[in-house]
Amino acid sequence: MAIISFSQNGLTPFQQLLGHNKAILEKWASLEECIFSSDTFPAELKEEVRRTLAFHNGCEYCKAKGAPSKTEMDARTRLAVHIADLSGRTTHISDEESGVLKETFTDDEISELLALICFITACQRFGALLDLGPSCQI
């Protein structure tokens with residue numbers, strides 16, 4: 001059970017916890033829409049990154065949506081997942097890792113991928129800190 005009550009603002013349990021601060025919820029939802037509506041990366045890549053991060057960030061709500069896929073991934077998705085996994089263990093990307101990133105992605109794509117990873121991490125840490133569970137009754 002979440003450590004604070006659910007507000008009347010928002011459509012999901014996560015949003016309803018953030019909804020105690022309506023202005024923040026609105027801006028957060030706007031940023032989420034911007035990030036997830038971008039067509040830079042396919043939805044499958046974004047979902048695999050989200051799944052990978054859920055297990056590093058400890059959000060039970062997010063983990064309940066699915067574990068990282070065991071199926072074969074294309075090279076770009078595999079690298080994005082690797083960087084997401086790495087971000088859960090370190091705060092810096094080595095020269096070797098950044099070289100691999102630059103071989104696979106453009107600067108614009110690297111910026112967007114890391115923004116995606118940081119945004120998802122912020123969401124999941126918020127959920128974890130508030131003990132947002134996998135099956136919330138609202």
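Residues are numbered from 1 along each chain as its sequence is written, and side-chain values rest on heavy atoms, with hydrogens and water left out. Since the model is predicted, local features need pLDDT of at least 70 and side-chain atom pairs count only at pLDDT 80 or more, whereas totals for chains, interfaces and linings use all residues.

S7 is placed in the segment before α1 (13-18), where helices (H or I, at least four residues) and strands (E, at least two) are DSSP runs numbered from the N terminus. With a relative accessible area of 9%, S7 is buried; the term buried denotes under 20% relative accessible area, exposed denotes over 50%, and partly exposed the range in between, with a 1.4 Å probe and protein chains only. Two polar contacts involve the side chain of S7, a polar contact being a pair of N or O atoms within 3.5 Å, of which, within protein, one must be able to donate a hydrogen and the other to accept it, while residues adjacent in sequence count only if both atoms are side-chain atoms. In one of them the side chain of S7 reaches the backbone oxygen of Q16 at 2.7 Å, and in the other a polar atom of this side chain lies 3.1 Å from the backbone oxygen of N9. When residues up to four places away in sequence are not counted, S7 touches Q16, G19 and H20, contact being defined as heavy atoms within 4.5 Å.

A search of the whole structure finds 5 aromatic pairs; rings of Phe, Tyr and Trp (its six-membered ring) pair if their centres lie within 6.5 Å, and planes under 30 degrees apart count as stacked, over 60 as edge-to-face and the rest as tilted. Among them is the pair of F14 and F126, which is edge-to-face because the ring centres are 5.4 Å apart and the planes stand at 75 degrees. As F14 lies in helix α1 and F126 in helix α7 (residues 107-129), this pair ties together parts that are 112 residues apart in sequence. F14 itself is buried, at a relative accessible area of 12%. A tilted pair is formed by W28 and F119, with 5.7 Å centre to centre and 45 degrees between the planes. This pair likewise links distant parts of the chain, W28 being in helix α2 (residues 22-37) and F119 in helix α7, 91 residues apart. F119 counts as buried, at 7% relative accessibility. Together, F14, W28, F119 and F126 form one aromatic cluster.

The count of salt bridges comes to 6, a salt bridge being a side-chain nitrogen of Lys or Arg within 4 Å of a carboxyl oxygen of Asp or Glu. One of these joins E47 and R51, whose closest N and O atoms are 2.9 Å apart; both residues lie in helix α3 (residues 43-57), 4 residues apart, about one turn of the helix. E47 is partly exposed, at 26% relative accessibility, and a network of salt bridges links E47, R50 and R51. In the salt bridge of D85 with R89 the closest N and O atoms are 2.8 Å apart; here D85 is partly exposed, with a relative accessible area of 26%, whereas R89 counts as exposed at 55%. The salt bridge between E72 and R78 has its closest N and O atoms 3.3 Å apart, with E72 exposed at a relative accessible area of 71% and R78 partly exposed at 42%.
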